[in-house]
Amino acid sequence: MGVFFVTRLRLYSRTIGEVPEAIVKDGKAVFGTFFATPKKLDIKGLASSVSGFPIPSLFTNLRIKGRIAYMFSIGDYIGMVEFFDDKLFGLAEVIFWYRSTGKKFAYHVFMPPRGRFIPLRLDEAVCVSYKKSRYIRLLWSRKKNRISLSFKVAGDKQRPPAQGKFTAHFDDAFFKEMVVVMPAPTTNRCSATWLSAMKIYGSLSIAAGKHTAAVPMESAAGIALMAMNRSHHKQRSKSEMMCALGDYEGRKLLFRFVNTNADSPDADNCNENVIIFDGHIIPLPAVTITHSFGINKTWVVQDTESMVDLTFTPLSISKRMLNILIMRNEYSNIYGVFDGVLLTEEGEKLTIRNFPGIVKKNILRI
């Protein structure tokens, strides 16, 4: 039997388990929240059945999709780099906003078939888009004590060329990580996420384009949150992700909330919602995200334990639709600001105003 720890919050507690060697063992997933990582983020081999008849794992494995999202805030920019692995092909995107004006810069690339787009290992791995006009590389190595993201993307008539490079270190005092393994939504389906928050150092520069002057940037400090997920997808998957990154009274603050149509029935104890504040990682209960008057109006974000009471105001919305082979993906990337109140595990009240963040609303049909 493993050793268990409990993170005690003002009105909420989440059991933190001893990290398993493997997420799936003997055909069953080891569900839970862990403050350390297994060797791999691998959910293959989960036993499943329909009406009591077993389904070969080969067929359930085909439903597994992978995704990495690297959200960052540095200098005058906030943005996200994302990789999506559909097994047959891959997609990558760089999108960022100039915060003072809300101006958007977005770059996309389709990656043709190869063995694996998103790696399994959590100790040392690399994820790369090799296309010359859309070179994007994300790598991590615990042995070399480094997490780095670099990209160099060519421009066109609508956007200028841009390049960025950010580096973080595993042994930094601010670095925190968490792994969450959840039913999706039942125990014969699984979603596993590795979350890591870090201070970053680097630069993001825009070259001169047809309608844009060059905006060079010297090396600066910033913060980032990386989320790597593998999950058994439904034929039609919906998700909404919110992430905010910035400073609060001289201390680093990040938070991330996720809603999907495959959330566990026990969503209070099985979710990816988290606050990272001043070097402390705080798991949260289920969070409800609503936008009753459309995604371009004010969103409302609340939980059931009075730890989250926020609004989100969109400032810039980027919509995109992709039809590739048997996949259709509709999504919106939104830059905006959060206002409201958060509570820490010590009951400290954080009142935030115009706090920068990113929202992604996604509908995937496969």
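Helices (H or I, at least four residues) and strands (E, at least two) are DSSP runs, numbered from the N terminus. By that rule, the protein chain has 1 helix and 27 strands. K143, for one, is found in the loop between β13 and β14. This is a predicted model: local features need pLDDT of at least 70, side-chain atom pairs count only at pLDDT 80 or more, and totals for chains, interfaces and linings use all residues. Residues are numbered from 1 along each chain as its sequence is written, and side-chain values use heavy atoms, with hydrogens and water left out.

**Overall shape and surface**

- Along its principal axes, the C-alpha trace spans about 60 × 50 × 45 Å.
- The protein chain exposes about 16500 Å². Carbon and sulfur atoms supply 52% of that area. Accessible areas come from the Shrake-Rupley method with a 1.4 Å probe; for residues, only the protein chains shown count as cover.
- Of the 366 residues, 54% count as buried. Buried means under 20% relative accessible area, exposed over 50%, and partly exposed in between (1.4 Å probe, protein chains only).

**Contacts and charges**

- Take contacts between residues at least 6 apart in sequence: 55% of them join residues at least 24 apart. Contact means heavy atoms within 4.5 Å.
- The protein chain has 50 positive and 32 negative charges, and their mean positions are 10 Å apart. Lys and Arg count as positive and Asp and Glu as negative; His and the chain ends are not counted. The place of a charge is taken as NZ of Lys, CZ of Arg, CG of Asp or CD of Glu.

**Nonpolar cores**

- A nonpolar core is a set of buried Ala, Val, Leu, Ile, Met, Phe, Trp, Tyr and Cys residues joined through side-chain atoms within 4.5 Å.
- The largest nonpolar core has 52 residues. Y70, F72, F96 and W140 have the most contacts inside it.
- Strand β17 (residues 190-206) gives the largest share of this core, 7 residues.
- A second, separate core has 28 residues, including M242, L253, L310 and I352.

**Strand β27**

- N362 is found in strand β27 (residues 349-365). N362 is buried, with a relative accessible area of 5%.
- Not counting residues up to four places away in sequence, N362 touches R67, S237, K238, S239, N329, E330 and Y331.
- N354 is also found in strand β27. N354 counts as exposed, at 56% relative accessibility.

- Most residues other than glycine have a negative phi, and most peptide bonds are trans.
- N354 has a phi near 50°, a positive value in a residue other than glycine.
- N145 is not a glycine, yet has a positive phi of about 60°. N145 sits in the loop between β13 (134-141) and β14 (146-153).
- The peptide bond from A184 to P185 is cis, with omega near -5°. P185 has its place in the loop between β16 (176-183) and β17.

**Loop residues**

- L88 lies in the loop between β9 (77-85) and β10 (90-98). L88 is partly exposed, with a relative accessible area of 46%.
- Leaving aside neighbours within four places in sequence, L88 is in contact with P112, P113 and F117. L88 and P112 are 24 residues apart along the chain, and their C-alpha atoms are separated by 7.6 Å.
- K143 is exposed, with a relative accessible area of 78%. K143 and S318 are 175 residues apart in sequence and 38 Å apart in space, C-alpha to C-alpha.
- A267 lies in the loop between β20 (251-260) and β21 (274-277). A267 is buried, with a relative accessible area of 19%. A267 and V126 are 141 residues apart in sequence and 32 Å apart in space, C-alpha to C-alpha.
- G347 is found in the loop between β26 (327-343) and β27. G347 is partly exposed, with a relative accessible area of 21%. The C-alpha atoms of G347 and R67 are separated by 33 Å, and these residues are 280 apart along the chain.
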